Amino acid sequence: MKWTITGAATVARETIKMKSRIMKLRFPGSAYASRSTLTGLLLLSATVLVTAAGIQGQSNTLPSIRTAFNNGRFDEVVRIAPQAVLHARTSGTPSVASEIGVFHATALMRLERYDEAKTVLEDALTDAVQAKRPQSIAAVYLAKATLSRARRDFPGAIKFARSALAAAPADRQIVVEYHLAIGRIMYSSGYDIAAIIWLERSEKLSAGLPVSAAYLDVLGHLSLAWASKFNYSKAIEYAERLVKISEKTHFKYRHRLALYEFAALLDAAGQELRAKHLRESGLKLALVARDDYQSCLFLSSQMLHSLYKGDSEAAEREHSTLDRVDGNKRFQFESVLGKAVISGMKGQSVLSDSHFNDLISLKAHSSYIVPHWKAILAERRKDWLGLIEQMEELREISEKGNFRDELPGIYFGLAKGYWGLEKHELALEYANRSAAIIESDRPTEDAPLSLSMMEIYHSLYRLLAEIEERKGDPTASLQLVDYLKGRVLHDRIDNSAFRRKPDLSINVRQQADDLSARLVEGFNVRDQLAKLERSVTLLSPRQKTGSKSGYGLIGRMGSPPGTAIVSYFFTLDGRLRAFVVEHGKPVRIVKLRFMEKEADTLAETVGRKIREKVFFKSDGQRIYNILLRPLSLTTNEITIVPDKSLWKIPFHALSSDGEKYLIEEKQITYAPSVSTLVRSLKETKSERRTIRVFANDTYGNRTLKFANTEANKVASMFGTRAVINARAEDFKRAASSGDILHLSMHAELDADDPLRSFLSFRQTPTHDGRVTVEDLLGIKLKYGSFVFLASCDTNHILNGEGLVSLAWAMTGSGATSVVSSQWEANDRSTAVFAEHFYRAERHGNSLARSIQIAATAMIRDKKTGSHEPYFWAPFTLLGDPR
């Protein structure tokens, strides 16, 4: 099971938050106290910057120290450096002594021995001054800046960075590292935009220089800074570059750490599969290198991830390996935490409490961690009083520490606890408190949220809808559910890791540059910088979801005569509700005896049976009896608004009697939300006279034998010609002028990020032929247009929370009705279905009726075998059924 202390599916971001709490202890006083877990890692993981400048005439000991450091053997550096420094001094090479001293101090910082590092750096500065080598002096000052930043002495860090630049102003590498140092300071101070300005300048200054540790750190911090502004596409771009470049260098420790950082970033961006792969790759490299520390870092990360997902078996395996590898017991805290949570998951509460007590007694203890995990365990066993108790403790800690970003999740936890105790007024009070904080921090509905905050916000509306239901107001409950469905869809698009967002404006860049430069010069402009940070939203323009007040028209209008709208909804604890909207009748709620877990299993089973052509009418009747029969619908036209995995159920292929498919009796269409459908139906029906037909039968090594024939036949019905071997530019040029768009070509889905799913036009020397979901969202179609996606998987649901697909992209671009395919259909049957559909539509039938006629024609064609649901059921109509 997935636990929902901060909302469903928050594993990724909450894992990072948990690591942050732990790493805050591992690096006391560092930037971990207020930034993500990655900040602390980059803070102390960088290889010594002076290595790039290089020193001639060094002793044989220096290369071995450098190699040990670059491979993460910090204990070895600390052990051999003092003797090496003495040898360099007695040999009359103070510059070498200074460089070794910087390695020594940085290794001490990596091992959390800050006071010793400070002493070593004082001696290293003396050696550098004696050597009269500007680069050596600058390197020591840069190391001092790192130490000051680790201790959150930002003015001191700036002072030492400026001293470094003053010592060697003409040295290009030192200038690069100076800008890097200021960028790090800005980031650790919470000035992300200013950090981006300084880090980008450092990146530009690095051009033409050999790849250095400083350059790798520039990429790492740019990734962090962009992620902090929720621009995950930029963050991932830099993280990918860091992984690829570091792999080809001798900085092997830094490469493994880059994998860890990239995995954490992907987790935060909701890219769990890629993150898991990177963690596994990093762990293998760390084990081969016999780097116990990094091995344990990867293992503890995997264990925490498994614990948040509720996978006790995987967590137990990872915990066992962690204990075996951690010979020095540097990860004892994580080990005891794992024991406590695993025991609690197994129901061994006495043993779990004993381990939690051991955790409290450890030196590296944060008061936040124990109640955080106890709350998760309390929710798992539905101990609502226990959940409230732990949440109250977390609230006290967060309010004292001014951890405002924790409060929405804590208030939401309290709301769930009181809801479980049936104290509905208190549940509503805390739910509203949680929503108020999120909405006050989100100045507009277009402002992005972190993954965790987004999930809390969405889950809040599930709870609020339940509260309205309990109060006896089905319409208010439906309005909240409908707002949630629209909100989920748009938030998931906007928070996609690959959603391209606009760059910082010239004006914002100039302001950040000017203010941060003044800060570096000693002026107090912190408030102005903080104000600038809050004012910037890095979000692409898109269609608005509509305000919550706009959803009131659901209750006022209802559905058209002869039509029923059914909106399904899973409660927080996974129970299924159906809202029924019928013409001239009040909204009603039907409680269905079906759970979310059962729906997940059913969706998987149905999909498999249809692909294997063993989905029978009797199967459809069993599902109909669960999902539709209890609703007592009497209309001949039904629009389904699914929720979560119900999007994967082909309702039109169900059966009311085990003899006929539902599509033979009723017109079945689908909509992303009730409000979008109702708003569309308020508009005058579009007159669709013109059609644009595009076909491309070949992409890569795949060929669609009937694609061109289908396109030509469809075009001929309208007295026009199809664009065969169509290019992306052909489509983009004509897309806004057609009342109907018909696209016959291959489509490919990206399970990791649906926004990269694409339609495959003809490849050219200048274009790969891909038109992605994100591309489609940027194309303006004619409003009210109809799109037929005669491609496989164009409406396949990759995200159970919302309809993120090529079909939705078309509606997001202006189309009001889209026919698309839910699975990879045979291209011959696609051509047959399209011909039946357009022939019916040309005879004046509505789109919904045309879908019904086409499906029925294939069902009755027993000779060719097209009667199987596999051939006709993938095609669904999304949106306006007219």
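Ala-747 has Leu-759 of strand S12 as its bridge partner. The model that shows this pairing is predicted. The pair belongs to the contact between S11 and S12 (residues 758–760), which is antiparallel and rests on two bridges. The background is simple. Strands of a sheet pair through backbone hydrogen bonds, in a parallel or an antiparallel sense.

Now take strand S4, residues 637–641. Here the pairing is parallel on both counts. Strand S1 (residues 563–570) runs parallel to S4, and five bridges join them. Within that pairing, Ser-567 stands opposite Val-641 of S4. Strand S5 (residues 667–670) also pairs with S4 in the parallel sense, over four bridges. There, Ile-638 has Ile-668 of S5 as its bridge partner. Is S4 mostly covered or mostly open? It is mostly covered: four of its five residues are buried, where buried means under 20% relative accessible area. In a regular strand, side chains alternate between the two faces of the sheet.

Next come the helices. H9 (residues 172–188) and H10 (residues 192–205) pack with their axes 8 Å apart, at an angle of about 165°. Angles over 145 degrees count as roughly antiparallel, and H9 and H10 are therefore roughly antiparallel to each other. Their crossing is left-handed. On the H9 side, the contact residues include Arg-172, Val-176, His-179, Gly-183 and Tyr-187. On the H10 side, they include Asp-192, Ala-195, Trp-198, Leu-199 and Ser-202. An α-helix has 3.6 residues a turn, so residues three or four places apart point the same way.

Helix H23 covers residues 451–470. How far apart should its ends be? At 1.5 Å a residue, the 20 residues should span 28 Å. That expected span is 1.5 Å times one less than the number of residues. The end C-alpha atoms of H23 are 29 Å apart, which agrees. H23 is also mostly covered, with 19 of its 20 residues buried. After the helix comes Gly-472, whose phi is positive, near 85°.

Conventions. Residues are numbered from 1 along each chain as its sequence is written. This is a predicted model: local features need pLDDT of at least 70, side-chain atom pairs count only at pLDDT 80 or more; totals for chains, interfaces and linings use all residues. Side-chain values use heavy atoms; hydrogens and water are left out. Two strands pair if DSSP finds at least two bridges between them. Buried means under 20% relative accessible area, exposed over 50%, partly exposed in between (1.4 Å probe, protein chains only). Axes are lines fitted to C-alpha atoms, for helices over the stretch in contact, and angles run from 0 to 180 degrees between N-to-C directions. Angles under 35 degrees count as roughly parallel, over 145 as roughly antiparallel, 65 to 115 as roughly perpendicular and the rest as oblique. A crossing is left-handed if the near helix is turned anticlockwise from the far one by less than a right angle, and right-handed if clockwise. Contact means heavy atoms within 4.5 Å.
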